[in-house]
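Visitor: Please take a close look at one part of this model, the place where the two chains touch.

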Amino acid sequence: MEIVPLSHVLIFACLLFVIGFVGVVVRKNTLFMLMCLEIMLNAVGVAFIGAGNVWQQADGQIMFILILTLAAAEVAVGLALLIRMQQRWQDLNIDKLSELKE
Amino acid sequence: MQALLSLSTLFYLAAFVAVYASLRVVLQNNTVHALLYLVVSLLAVAVCFYLLGAPFAAGLEVIVYAGAILVLFVFAIMMFGLREDETRIAPKAGQVRYWLMPSLLALVLFIEMIYVITLEESKLSATATTIASKEVGALLYGPYLLAVELASFLLLAGLVAGYHFAKSFAGGGR
């Protein structure tokens, strides 16, 4: 019983990934950049789950679980860094981090 | 046959909701509203996982992503105490040139990717067959045992780093 072609699943994953990427590039607020990173990781998960379903292998879901742990660790470290950033500059603008060049 | 039609319709509907909510996350000005849209997007992706025959992954998506990680975001927003919505979308008049070119190049790559995906009329198609969580667990603690250990190390490192960076907030030691 077929639901959708694999190409549509992959296009969906690509669309989510591009939305997340454009968000990371366009937004200046670091919190929003973290959220868009979450969207990108999620898109990769969609691709893995879709491929795992097409070939009827459980490996896709295992890769998704690994991506999940990666996302959890990334958010923990990222938000802790953001807390430090907020303490120091009272601002979450990513441009505040460019003082190394001055 | 009726059920088949409705399954694919459900998938496309959930995919549309996910894409729309993600777009709203990117375009949103209010932090908490963006967070709520992110929750909606993750839940829609969880529905897609369920329809793709991965109920275990769908449950994990709801519990870990929409539950734990988003609660972490909410806690962070509470600690930031965002009085003003200091969320500015970058496109101010003079700054467009900074992100326009990367976005255009990414768009070109995206179109290429779509073209390649749709180029060959492959007969591969997602089915409604469920991959049971038992199978996933057996594989996870069989061939992938090393990866599980590495993931546990990664989580431990994340825990230590999070504690270390956020500690001085209360302790005072820089």
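Guide: Helices (H or I, at least four residues) and strands (E, at least two) are DSSP runs, numbered from the N terminus. The model is predicted, with local features requiring pLDDT of at least 70 and side-chain atom pairs pLDDT 80 or more, while totals for chains, interfaces and linings use all residues. Residues are numbered from 1 along each chain as its sequence is written, and chains are lettered from A and ligands numbered from 1 in the order in which they are written.

Val32(B) belongs to helix 2 (residues 31-51) of chain B. The contact between the chains takes 73 residues from chain B and 65 residues from chain A, two residues being in contact if their C-beta atoms, placed from the backbone, lie within 7 Å. On the side of chain B that touches chain A, helix 6 of chain B gives the largest share, 12 residues.

Helix 3 (residues 59-89) of chain A and helix 3 of chain B have axes that come within 10 Å and cross at roughly 0°; the axes are lines fitted to C-alpha atoms over the stretch in contact, and angles run from 0 to 180 degrees between N-to-C directions. The two helices are therefore roughly parallel, a term for angles under 35 degrees. Among the residues that meet are Phe64(A) and Leu68(A) in helix 3 of chain A, and Leu60(B) and Val64(B) in helix 3 of chain B.

Strand 1 (residues 2-5) of chain A pairs with strand 1 of chain B in the antiparallel sense over two bridges; pairing requires at least two bridges found by DSSP. Pro5(A) has Ser125(B) as its bridge partner in strand 1 of chain B.

Definitions and conventions: Angles under 35 degrees count as roughly parallel, over 145 as roughly antiparallel, 65 to 115 as roughly perpendicular and the rest as oblique.
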